[in-house]
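Dear colleague,

Please read the notes beside the coordinates.

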Amino acid sequence: MAIQVGDKLPDAKFRVMTADGVQVKSTDDIFGGKKVALFAVPGAYTGTCHKMHLPSIFLNAYAMKDKGVNTIAIVSVNDAFVMNAWKRDTDQRDEAIFLADGNADFAKAIGMELDASGNGLGIRSKRYSMLVENGVVKKLNLEAMPGKVEVSGGDTLLGQL
């Protein structure tokens, strides 16, 4: 069953690249005591994710932070090395944390896994945005189609703050 507004995020582990190498961060590390704008994408560097979704986030990053967002987080079913390269190539102002959900454990735990095996991509995450306050989902914007950014972009979440 998919996570809903009002639900608490389950315990999960993400991998994040730091100056000291790959570090494991828990759900509590990322979301505990914070207001977090979470954006999930099916895959780093994929057409829609790279050319449409990420730009919508970074164009609205300052405004989201001005409205009380402590952290902008981007999660994808990719490894920490790919996510780090994607951050390097897209996050010029260091505005977001890029979370690797390499085995789709988080996506599965919240019921947001997407079987993209037909396209050679295996299990991925559905495309969504979420406002999370102290680990509790306050807003959830799930795309009906993974190749579209109609309700999950930074502009939509900004309008909900």
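Of the 22 residues in the largest nonpolar core, those that touch the most other members are F39, M64, I72, I74, W86 and F98; a nonpolar core here is a set of buried Ala, Val, Leu, Ile, Met, Phe, Trp, Tyr and Cys residues joined through side-chain atoms within 4.5 Å, where buried means under 20% relative accessible area, exposed over 50% and partly exposed in between (1.4 Å probe, protein chains only). Two or more residues are given to this core by each of β3, α2, α3 (61–66), β4 (71–76), α4, β5 and α6 (154–160), and the largest share, 4 residues, comes from α2. The helices (H or I, at least four residues) and strands (E, at least two) are DSSP runs, numbered from the N terminus. A second, separate core of 20 residues includes V36, I110, M130 and V132.

The model is a predicted one, in which local features need pLDDT of at least 70 and side-chain atom pairs count only at pLDDT 80 or more, while totals for chains, interfaces and linings use all residues. Residues are numbered from 1 along each chain as its sequence is written, and side-chain values use heavy atoms, with hydrogens and water left out.

Returning to I72, and leaving aside its neighbours within four places in sequence, this residue is in contact (heavy atoms within 4.5 Å) with A37, F39, I57, A61, M64, K65, E95, A96 and I97.

As for the rings, the structure holds 3 aromatic pairs, a pair being rings of Phe, Tyr and Trp (its six-membered ring) with centres within 6.5 Å, and planes under 30 degrees apart counting as stacked, over 60 as edge-to-face and the rest as tilted. The rings of Y45 and W86 have centres 6.2 Å apart and planes at 45°, so this pair is tilted. Because Y45 lies in the loop between β3 (35–41) and α2 (47–59) and W86 in helix α4 (residues 80–90), the pair ties together parts that are 41 residues apart in sequence. Y45 is partly exposed, at 36% relative accessibility, whereas W86 is buried, at 0%. W86 also forms an edge-to-face pair with F98, at 5.8 Å centre to centre and 90° between the planes; F98 lies in strand β5 (residues 96–100), 12 residues from W86, and is buried at 4% relative accessibility.

Best regards
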